[in-house]
Amino acid sequence: MSIVNVDEKLGVDKFHVDEGNAHIVLRESPDLAEYHKLFLACPAGLYKIDDNGVCRFDCAGCLECGTCRVLCGDTLLTKWEFPAGGMGVEFRYG
Amino acid sequence: MSDFDAIIVGGGLAGLTTAYLLAKESAEVLLIERGNFAGAKNMTGGRLYSHSLEKILPGFAGEAPVERRVTREKVSLMTGDSSVTVDYFSPGLAQPGQDSYTVLRADFDQWLAGRAEAEGAQIVTGIKVDDILIRDGQVRGIVAGGDEMEADVTVLADGVNSLLAQKLGLRAELPPQQVAVGVKELIALPASVIEDRFQCRTGEGTAWLFAGQPSGGRVGGGFLYTNKESVSLGVVCTLSDLIAGNATLPQLLENFKRHPAVAPLVEGGKLIEYSGHLVPEGGLAMIPRLVTDGALIVGDAAGFCINLGYTVRGMDFAVGSGEYAAQAILQAKQAGNFSAESLDAYRSALEESFIMQDMRLYHKFPHFMETTPRIFAGYPEMASDLMAQLFVVDGQRPQPLYKKAGRSLKTVGTLNLILDALRGVRAL
């Protein structure tokens, strides 16, 4: 099996990054079982687990689908909003 | 006195259709879209069945940026390395009234926005609606960036997540068993290559759905749609089941793309966009309260979507719901009454329309899919095994057909097969 490189795929997308204005915020020290759900389900692969088993999340690259809010809005996230107007992903094709 | 007859939140097909029809009847309409243009946040697999938009804009496919008219429908059952496919080609699929088109939303939605603007609708983009304006218990418009804007009717066309419907208490948070997440690669290929690989003429194309391997054997599936100069390849998985597996969604798409039956179809293609979106797949069970004093809900926000495995619909419902919303708003305007009772004409019209007729007819299907894991892991293997029995010639002593078929059936159990078939047929 060839391991997917999602970051490379996201690299072709157009984003207006809202620096310093995260639209998704995670709790401190998230529950690992909950986090694992998002590791599986986030289409952008933003909920990473590094080689040492440490959770690494950055909302840059978000496709704004809402999956993480639906799955873990109550358990992991302290904030889930759409990015500010005009910010975030911009589908050139859709 | 309100600033507008209607404020529409969201520039997708439902919102744009509402805006177009209201503006056409000289209503004062403001549509607010958070992306930098209508369509900037929208994506589809996908294919638009033309019938509902055709009613509103006859002959639209002649001028709108559609990709290809679908003349070939395919459904495949896939194992890790094999694929069994039903391939239906018919010019009948392209006949006016029953034709459907692959589309890419950034272009398509901008075109519809242009039509709405030409009728006088005001469309502002790059502005996010933060909240609903409520006065005396009635929706009176929206709040965006600290500014309040008033309208007699507010239309929530803000998509599957509809945070505004949740804020208004018209709907709770989406349950993970009622939504699927889709991920898609848009892969550029020359038109001539697409026409060769998919056996289609210029302007014509294929819609193709897959069960089995693409979703890793879990509830979901793969899709492939041919566009003019690109192929949309993706995977959709029901959230509640996806998280019970062990493969990540991006990995499932990568595996699907590398499947030996799929890889040659996209070989040499260049990834030009990677997108994701939620799909409201709960059917009738997830439709929220559609109307309240001064507001109504249309499109994906209202959960108007049907996935039957061999066909997926949402955009034709979005357009249709926009039409019924516009009619109800115009009636309410005439009566000068924007209460829930008055706007309930929208819900009544929907009940009589193809939208709710279809949602009702297929109301058992989401549950059937969810509770029949063999569709996703079991039947693809059985079909593959059966084909191998039929087609593999290896010089060994042959067996009669009934024995061959019987062996394949055993993999899932004949009784299971019969029961699933009966349940499936009853859910359709």
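Author: Gladly, and let us begin with a term: buried area is the accessible area, taken with a 1.4 Å probe, that two parts lose on being put together, summed over both. Please keep in mind that this is a predicted model.

Reader: With that in hand, how much area is buried between chain A and chain B?

Author: The size of an interface is often given as the accessible area lost when the parts come together. For this pair, carbon and sulfur atoms give 58% of that area. The total buried between chain A and chain B is about 3700 Å².

Reader: Which three residues supply more of the area that chain A buries against chain B than any other three?

Author: On the chain A side, 41 residues are in contact with 51 residues of chain B. Three of the chain A residues supply 20% of the area that chain A buries against chain B. They are Leu40(A), Phe91(A) and Tyr93(A).

Reader: How many salt bridges are there between chain A and chain B?

Author: Between the chains there are 29 residue pairs in polar contact, with both residues at pLDDT 80 or more. For a salt bridge, a side-chain nitrogen of Lys or Arg has to lie within 4 Å of a carboxyl oxygen of Asp or Glu. Glu173(B) and Arg69(A) form one, at 2.7 Å from N to O. The count between chain A and chain B is five.

Reader: Which elements of chain A give two or more residues to the side that touches chain B?

Author: By class, this side of chain A has 24 nonpolar, nine polar and eight charged residues. The elements that give two or more of its residues are helix 1, helix 2 (32-41), helix 3 (67-72) and strand 6 (88-90) of chain A.

Reader: How far apart in helix 2 of chain A are Lys37(A) and Glu34(A)?

Author: The side chains of Lys37(A) and Glu34(A) meet in a salt bridge, at 2.8 Å from N to O. In helix 2 of chain A these residues are about one helical turn apart, because their spacing is three residues.

Reader: Which parts of the two chains each supply at least two residues of the lining of the second largest pocket?

Author: That pocket holds about 340 Å³ of space. Of its 17 lining residues, the closest to the centre are Ile3(A), Val4(A), Phe39(A), Thr248(B) and Gln251(B). The lining divides into nine nonpolar, six polar and two charged residues. The parts asked for are helix 1 (6-10) and strand 3 (47-49) of chain A, together with helix 7 (249-257) of chain B.

Reader: What classes of residue line the largest cavity?

Author: The largest cavity has about 90 Å³ of space. Of the 15 residues that line the largest cavity, those closest to its centre are Cys42(A), Cys62(A), Leu63(A), Cys65(A) and Cys68(A). The lining divides into 12 nonpolar, two polar and one charged.

Reader: And which elements of chain B each supply at least two residues of the lining of the second largest cavity?

Author: The second largest cavity has a volume of about 70 Å³. Among the 13 residues that line the second largest cavity, Gly283(B), Cys305(B), Ile306(B), Tyr362(B) and Pro366(B) are the closest to its centre. By class, the lining has eight nonpolar, four polar and one charged residues. The elements are strand 18 (306-307) and helix 12 (365-370) of chain B.

Reader: Where in chain B is Gly46(B) found?

Author: Gly46(B) takes part in a cis peptide bond, the one from Gly45(B) to Gly46(B), with omega near -25°. Gly46(B) is found in the loop between strand 2 (29-33) and strand 3 (47-49) of chain B.

Methods. Residues are numbered from 1 along each chain as its sequence is written. Chains are lettered from A and ligands numbered from 1 in the order in which they are written. Side-chain values use heavy atoms; hydrogens and water are left out. On a 1 Å grid over the protein atoms alone, a cavity is a set of points where a 1.4 Å probe fits but cannot get out, and a pocket is an open set with protein on both sides within 12 Å along at least five of seven lines; lining residues have an atom within 4 Å of a point. Grid points are joined across faces, edges and corners, and a volume is the space filled by probe spheres set on the points. Helices (H or I, at least four residues) and strands (E, at least two) are DSSP runs, numbered from the N terminus. Ala, Val, Leu, Ile, Met, Phe, Trp, Tyr, Cys and Pro count as nonpolar, Asp, Glu, Lys and Arg as charged, and the others, Gly among them, as polar. Contact means heavy atoms within 4.5 Å. A polar contact is a pair of N or O atoms within 3.5 Å; within protein, one must be able to donate a hydrogen and the other to accept it, and residues adjacent in sequence count only if both atoms are side-chain atoms.
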